[in-house]
Amino acid sequence: MNILTLFVIIPVVTAFAIGFSKNMKQTRVVAAVGMGLQLLLSAYLVYAYLTERAAGNVAEMLFMYDALWFESLNIHYLVGVDGISVAMIGLTSIVVFAGIFASWEVEYLSREFFISLILLATGVYGFFISLDLFTMFLFYEVAVIPMYLLIGIWGSGPKEYSAMKLTLMLMGGSALLMVGLLGIYFYSAPDGAPLTWNLLEISKNTIPVEMQRFLFPFTFIGFGILGALFPFHTWSPDGHASAPTAVSMLHAGVLMKLGGYGAFRVAIFLMPDAAQEQAWIFLLLTATSVLYGAFGAIFQKDLKYINAYSSVSHCGLVLFAILMMNQTALNGAIIQMISHGLMTALFFALIGMIYGRTHTRMINEMGGLMKVMPFLSVVYVIAGLASLGLPGLSGFVAEMTIFVGAFQHTDAFHRTLTIAATASIVVTAVYILRVVGALLLGPIKNDHFNHLKDARWFERISTVTLVVAIAAIGMAPLWLSNMINVSLQPIVTKLSTATSTFVSLF
Amino acid sequence: MNIYDFLIMRHELVLVISALSLLIIDLALKPESKRHIIPIAVVLFALNAIIGYLPTPAGILFGGMYQSTPLVIMMKNVLNTGVLIILLQSYGWLTKEENKEKIAEFFILMFTTLIGMYFMLSAGDFLMFYLGLETASIPLAALAAYQHHRTKSAEAGIKFILSSAFSSGILLFGLSFIYGTTGSIMFSDVVFNISDAPLQVLAIIFFISGMAFKISLVPFHLWTADVYEGAPTNITSYFSVISKGAASFMLMLILFKVFSPVIHVWQDILYALSVATMVVGNLFALRQKNMKRFLAFSSIAQAGFILLGIMVGSQLGMTSVIYFILVYIFSNLGAFGVVSVIENRTGKLSMDDYNGLYHTNPKLTLLMMLAVFSLAGIPPVAGFFGKFFLFTAAASAGLYWLVFIAVLNATISLYYYLLVVKAMFINKNETPIEPFKSDMVTRAGLLLSAAGIFILGFWSQVYEWINNLSVGIF
Amino acid sequence: MTGNIPLEYFLVLSTLMFFTGIFGFLTRRNLITMLMSIELILNAVNINFVAFNHYLYPNQLQGHFFTLIIIAVAAAEAAVAIAIIINIYRSFKSIEVDKVNQMKN
Amino acid sequence: MPMNAYSYTLLILLIPLFSFLLIGLTGHKYKPIISGLIGTAGLLIVAVLSYMTAIKYFWTDHVEGTAYTSFKAFETTWLHLTDNLTINLGVLLDPISVMMLVVVSTVSLMVHIYSLGYMKGEKGFARFFAFLSLFSFSMLGLVLATNIFQMYIFWELVGVSSFLLIGFYYDKPSAVSASKKAFIVTRFADLGFLIGILMLSFTTQTFDFQTLVSSDGPALTHTGGAVFMGLSAMTWALTFIFIGGAGKSAMFPLHIWLPDAMEGPTPVSALIHAATMVVAGVYLVARLFPIYSIVAPDALTIVAWVGGLSSLFAAIIACTQNDIKRVLAYSTMSQIGYMMLALGVSGYGGHDGLGFMAGNFHLFTHAMFKALLFLGAGAIIHSVHSNDMREMGNLRKYLPITHITFLIGCITIAGIPPLSGFFSKDEILVAALHHNIYLFAIEFLVAGLTAFYMFRLYFNVFWGKERHYHHTPHESPLVMTIPLMVLAFGAIFAGFLPFSELVTSDGLPFEAHINYAVAVPSVLIALVGITVAFLMYRRTSAAPDKVASALGGFYRGAYHKFYIDEVYLFVTHKIIFRYISQPVAWFDRHIVDGTMNLIGNTIEKSSYLIKGFQSGKVQQYGYVFISGTILLVIIFVYLW
């Protein structure tokens, strides 16, 4: 059995097993075990991958498995991973694992909750292992849909509205995506040769430039919507605000990464020429959303909204780096995805735990939590520092790689935008410290806070997992960035084949 | 012409025989024992369905009026599957007191319409086509008016018969011009003499609008909602999948076989129709509260998608259409099955009655969810594959913008499909529908559709099988 | 016998009948009358077929056959329709088409 | 010289890190004092190692007459960015880093010991020492950085540890806001630093200090390059980098965080905001000094003027403040201004490098006496429980040791020979005189002001009339007074170190001797300042108020720190918060999100608009039917 297929099978099996569980206790135990296995498996995958590479295997994708599915359309079940997907899979496993524990005490329809959560995870895993555009798209939509139920049933606030909005906007995104993918398929091979959905095959062939011009926006925006590309990001604040804890974690932590990953795996990789030509538009958009999200976050009062907007800012940085299209920046983009995934998941976990105690998310109603729940508060501070890019935590590594990489461009346009983007680190500091100050420090605002308890054991598991991951990346980023760097080589070479040149505004 | 030639038209023969035998048996039975008809009929039909899959020589009868090709046989088999499910699902309803007098009629009429459709599908000239069409639609009117004590049923009947007669009048007017301009009603002759001369284009448009009525495309769809609502639910499902499916097959066959030289004409016509249909169907479906009307409009929107495949006019297009209709049969029957079961138990039809259904009847709810997801084209259920292949077909003809419009409409449709899910899972309800268990047969019917929804997508052999039998025009 | 009447006349006649039928179908309030208007439409078609057959393709009979079939089918249609109309009368106590308007929107 | 001979210096970094982790993770398990001892012991080892290194580097391993070389005792790749640019972590040893090593470890050790007494019984004692260790780690890492990016990394870390320590009393709103202010202002400056690094690294394709400053390196051989607004790329880069330095070193106008930072515990102020972190900016400029002076003299001029103006500005304000820690804070700012100016006026190599030497010299001495002064102030506050000098007076008879040491500190900073302050300040003045007469004038004036405000403080606190204290002030325990004495010793004798032979711009020693033409006047003006202070504050009199009212608006301006804080407040709250952030939030809710909702509503509405078609009338259906057909005919038969 191919190891990658296991990543899809284990969750499905777990979901089934949950289906037969008697009560809440069994349910969550089964879920925890299943996802624990998944975590171990991905750890093993990282190990196996590195050993393979160390053994001198230079194939673009490893652990490939190919099964013909729809013959006449040449659709395959084709899986394989390179360093990038391995990293993303690792991220997913960590976040999902943490998410299970973060939602340890979901009582209402707990069985259904965990099933949908795990199905969502299945979609994500499938997306990251697929090399066949059709399968990729399939898993992509599988990942998007459980969201509706998860938010609609277990959410809070205007959950129906938010769930519907989120689902429809993401589906609208996949409408664009569908067009893009079909276009790619029908130009996937030179005339006469059989068409293919196979990512690697397509990358060997050059899609006609005029088609690229037409298809690139569809594909990029299609993925970009999930990556919270300005101005298509508005599903994110409402969705996150209404979603239950674990769902926000998975969604911001992992699902939004599908956008970035696809944008660069499919849009940029397969259509470099159009990417070069149209990059300036999207660079402007993303640079906007980097600052826009940050400034938007300053003004918010609801913790989840603050975090949602900071996600807009950080994911904007991901797309920004992707559009810079040089090795370092791309590397930074991947690391940023991982880092942001981890820390935003941590944020949402903490927010959920705090909300579960104080029953409010309004920062002006809270204060002095450091006294009553030191553990959670300290972790919150760590998450905050990671988010504002403190050295020794993952955020710094990602941002610096991106900035240095982006600044390697010689033209004023790229560099001005880069400097504009760097400005976000100050704004980030402002809103992070604002929250920390108002939420954790200062005198205790509300007497009944005095009776609140600190984190329970499962909450500690959930948060510590993430903190460890963040710190590990932040302290020793070299192996990760090397792993990614190697896998970036073919993509960068493909980009360098682009004949058309970058259109600069100035 | 020897006896074996009749094997070529075995679908029709078996059905004719079963219909007649049912008639006779019905005469023999006493009123109280009439419900024994049901097993007999079902068995007979199952027999027919099975025989349909036996290998057989393709052939031509009556000097080309009747021709049976593997493609057509496959289409008939697809329809058979649907009808079988419908028969199973309607068991619970047929055994009700009000119907026990006229159980046999139900089967006889339904078989007759089916015979009509089969003849239509195998038609080799417009005469046979017209005969089949009418044989299919006239009994349908009777079926729609089946519950003569319900005024709505009667209204559905009259609305259907009038509009269908009207539409076939217009269709015939078109045919008469085709005959006048080409000098023949044989498909094989017409195809050589057809061109885009104004009179012929006019004829084609009349013909298409006649067919569009059966497939219920905008603006020829208005009868649909009323008839669907008025007719007994199981009949409605028959309307929505079988008669629509047969009509689409027929439209596709004639366009491909007969009007292939003027594809540039009807492609544009269908383009306009499909956009209109998707948009209007969705817009109407948005605000429906009555489940039957809701499904009626959603099925109108689906018809718009079917056109995407037809207008391509290639093998890919035909495959995707047939595959989509197969999937659509299962999905729609799943939805209608749940609606009919609930209606028979509680008489409740409004979406609001479905609030909180999950807490009382989880299995039905899950089936309903699967069905609507499949209709909305959400993976991993079959509907996604069906839609995706339709879009692929359209894109293969370079109709990217149409694909874009279509997918946006799919998104809109997702909205109202999710409303159903929302009602069942999220909305609270003080007086939810009581938990209940249906009889075995109905359950089998539901299960069958559920299985179809689930398996069909992953089971690529089905698609390949259809693809091998489909023929394009180029 | 009809040799000196050109085809166009028949076509004009049939077209007139066709639209008369449609007009009737759209305007008459009585279900039976509507049914009759449909018969008009069908007969227009019949005239077309016969005329075409007679003038353009004298040496074949397809049009005639078609006409016969249409007449037969029309009869069947009328039979079912009237049966339903009786049913309508039972339940609505009227055969005014506008009364038959329970389901809308 | 063999590298491995020095690789033990890695311990200097690892020990504090270890004690930080140890205390941070397990501190709550055992008695607070234990964590205090762990931290102190760690620092003790560090200090010993640093002194060893200094002696080895400056004397034992140094061959007489040769230049002091700079070499890496240890280096490892931390992150690989581009083919040329990799971020390394390591230990770089050269005169200034070794000197800073001594400064940091000494002061830090003293502060650790002092805090054992000062923080006694505070809740969060363990946390305090954890943070202290973290800070020591970061500061040492900054000092020993082998490349500019490592420096940036630890730069951020000292920033955050100062944030944590300022906000140590996190339930005190003023402390919280002060820590936020400090972090954000420095963060803003760091943005400049980062941009500078980006530019520099892009032009030179290296982060490494040795490569950067080597005479044939890409930086020094770099000529002109892209010119923007008349300044070369290098000038821009170095100016941006200096912004970072100015932020950390509280140079005007980025100084506003320093006075508020006094909200932190006094030992912290002594360590971070007097001796070590705030001079990081100076250290940064000194690190890149060759580039500044050879490739980007314009940037260096900026440095000089910013330094000079800041020192004057701060000195003026210091004369008007009543909070003793704030007075010291402003004096710190003023002294750092001195150092900056010294670097700014310096040339490269030989005797031209006098300013460079003087700057570092003053950095060294200032660390001693300013730490001494702060710790003394801490002792005072500890006994009086107030920061306001108006509530003090005649304390000399209660706190004899504190009194003496504090007096030593004051004399030193006033620049009275033979104490250390005199030598370093004198060299600076000489350098300034050679370079720029106006700057010299400013510094000359500031020398007088310094003497004045320091003795104003001194007399106010230790003389003047007796105030009634809620409990009689008592001398601090030994654990607090010993550090005072040690530092006093340093303050007295640090001046006799032959700096001109040790720390020079090009590593070669040169002859530096007292320039009496400068020394005598500067001493005189210092004495003048002292006398004025004596007359005004020896006994409480109406004189100060008279002078204040005489100065009028100017005094008020100085008293309110020239309203710089208000300007910042206006910019941040009014401009950024109200005119950027709020509109953005509004725009997002109403325009972007509104559009999405609008689409949804339009669809919903239109579905109601067209409901009329489904009228339920068969004839109308037929009507639509036939008109549809006719429409198609019209389009496709006639129009197509």
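The following dialogue concerns a predicted model and takes up its chains, helix pairs and chain contacts in turn.

Residues are numbered from 1 along each chain as its sequence is written, and chains are lettered from A and ligands numbered from 1 in the order in which they are written. In this predicted model local features need pLDDT of at least 70 and side-chain atom pairs count only at pLDDT 80 or more, while totals for chains, interfaces and linings use all residues.

Student: How many helices and strands does chain B have?
Tutor: Elements are DSSP runs numbered from the N terminus, helices being H or I with at least four residues and strands E with at least two. On that basis, chain B has 21 helices and two strands.

Student: What radius of gyration does chain B have, and with what value for a compact globule does it agree?
Tutor: The radius of gyration is taken over C-alpha atoms, and the globule rule is 2.2 Å times the number of residues to the power 0.38. The C-alpha trace of chain B spans about 65 × 55 × 40 Å along its principal axes. For 474 residues a compact globule would be near 23 Å, which agrees with the value for chain B, 21 Å.

Student: What share of the residues of chain B count as buried?
Tutor: A residue is buried if 20 or more other C-beta atoms, placed from the backbone, lie within 10 Å of its own, exposed if 12 or fewer do, and partly exposed in between. Of the 474 residues of chain B, the buried share is 67%.

Student: Is chain C spread out or compact in relation to the globule rule?
Tutor: Chain C has three helices and zero strands, and its elements run α-α-α from the N terminus on. Its C-alpha trace spans about 50 × 25 × 25 Å along the principal axes, and 35% of its 105 residues are buried. The radius of gyration is 17 Å, well over the 13 Å that the rule gives for 105 residues, so chain C is more spread out than a compact globule.

Student: What percentage of the contacts in chain C with a separation of 6 or more join residues 24 or more positions apart?
Tutor: Two residues are in contact if their C-beta atoms, placed from the backbone, lie within 7 Å. In chain B, 80% of the contacts between residues at least 6 apart in sequence join residues at least 24 apart. For chain C, the percentage is 49%.

Student: Is B:Leu61 buried, partly exposed or exposed?
Tutor: B:Leu61 lies in strand S1 (residues 59-61) of chain B. Beyond its neighbours within four places in sequence, B:Leu61 is in contact with B:Asp5, B:Ile8, B:Met9 and B:Tyr66. With 16 other C-beta atoms within 10 Å, B:Leu61 is partly exposed.

Student: Are H6(B) and H12(B) roughly parallel or roughly antiparallel?
Tutor: Axes are lines fitted to C-alpha atoms, for helices over the stretch in contact, and angles run from 0 to 180 degrees between N-to-C directions. Angles under 35 degrees count as roughly parallel, over 145 as roughly antiparallel, 65 to 115 as roughly perpendicular and the rest as oblique. The axes of helix H6 (residues 103-121) and helix H12 (residues 233-257) of chain B come within 9 Å and cross at roughly 15 degrees. That makes H6(B) and H12(B) roughly parallel.

Student: How many nonpolar residues does the contact of H17(B) with H19(B) have?
Tutor: The axes of helix H17 (residues 362-376) and helix H19 (residues 400-425) of chain B come within 9 Å and cross at roughly 175 degrees. The two helices are therefore roughly antiparallel to each other. Ala, Val, Leu, Ile, Met, Phe, Trp, Tyr, Cys and Pro count as nonpolar, Asp, Glu, Lys and Arg as charged, and the others, Gly among them, as polar. By these classes the contact has no charged residues, two polar and, as nonpolar, 11.

Student: In which hand does H2(D) pass H3(D)?
Tutor: The axes of helix H2 (residues 32-60) and helix H3 (residues 95-118) of chain D come within 9 Å and cross at roughly 155 degrees. A crossing is left-handed if the near helix is turned anticlockwise from the far one by less than a right angle, and right-handed if clockwise. For H2(D) and H3(D), the crossing is left-handed.

Student: How many charged residues are on the side of chain A that touches chain D?
Tutor: In this contact 39 residues of chain A meet 37 residues of chain D. The side of chain A divides into 25 nonpolar, 13 polar and, as charged, one.

Student: How many charged residues are on the side of chain B that touches chain D?
Tutor: The contact takes 26 residues from chain B and 20 residues from chain D. The side of chain B has 19 nonpolar residues, three polar and, as charged, four.
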